[in-house]
Amino acid sequence: FALADTTIEIVERMLVNQSKVNNVQLRRGQLDRNAMTSMVYAAAGVSKLPFAIDDSTDQTATTLRSTVTGWRESIDPDHRALIVVDYVQLLAPEQSTGNRDYELAAAVRTIVNTAKAAQAVVVLVSQLNRRWAERADPRPQLVDLRESGSLEGAATAVLFVHPPADAELPHEVILAKHRRRG
């Protein structure tokens, strides 16, 4: 569920990633023959992947559940499903209460129950608040999740992707929470 981006933007990033074509050149229409060939092969590969993107606006947890139920009925029940919600704070409330923490908690509960019923793994992409930038160590922590109580409480695992100061280095993946860590 692409609440922050359009399907076209997501597919474009997938094709650029698979083809290794420069995305600026793609957007400017400045692709040479080799780049075009790479894009065609990437498109052929991506078109075979079993995935769907829903970028409809004003998505609520209930409409998300309805969509997942429909998708789940159309695929082999033995296949494990992955649901990604990018990003969860953009879910519209079922009914406005004036309390965003409460509204998000209700949405997260619905999504968790949907995942259980669909036998799916759920990844909720969340925005961080701005407090992390004020600390001496700017690495994200659980308290940095926006409306963090419901997200942290429902999560089996919480991962943060932290960019390094040097852009040439790889991003750091921080495992901030894992219930089944053993």
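Which side chain meets Arg13 in a salt bridge? Select Arg13 and Asp5 in this predicted model: their side chains form the bridge, at 2.9 Å from N to O. Color the pair by accessibility, and Arg13 comes out partly exposed at 44% relative accessible area, with Asp5 also partly exposed, at 22%.

Next, select helix α5, residues 100-118. Its 19 residues reach 27 Å from the first C-alpha to the last, close to the 27 Å expected at 1.5 Å a residue. Show Asn99 at the start of the helix: one of its side-chain oxygens comes to within 3.1 Å of the backbone nitrogen of Asp101. At the other end, α5 is followed by Gln119, which has a positive phi, near 50°.

Stay on α5 and display its buried residues, among them Leu104, Val108, Ile111 and Ala115. Glu103 is buried too, at 11% relative accessible area. An α-helix has 3.6 residues a turn, so residues three or four places apart point the same way. Arg100 itself is partly exposed, at 24%.

Move on to Arg135 and Asp144, whose side chains meet in a salt bridge at 2.7 Å, N to O. Arg135 counts as partly exposed at 24% relative accessibility, whereas Asp144 is buried at 0%.

Finally, select Asp137, Arg139 and Glu172, which salt bridges link in a network. The count of salt bridges for the model is 6.

Methods
Residues numbered from 1 in each chain as written. Predicted model: local features only at pLDDT ≥ 70, side-chain atom pairs only at ≥ 80, totals over all residues. Heavy atoms only, no water. Helix = DSSP H or I, 4+ residues; strand = E, 2+ residues; numbered from the N terminus. Expected span 1.5 Å × (residues − 1). Buried < 20%, exposed > 50% of the residue type's maximum accessible area, 1.4 Å probe, protein only. Polar contact = N/O pair within 3.5 Å; in protein donor to acceptor, adjacent residues only side chain to side chain. Salt bridge = Lys/Arg side-chain N within 4 Å of Asp/Glu carboxyl O.
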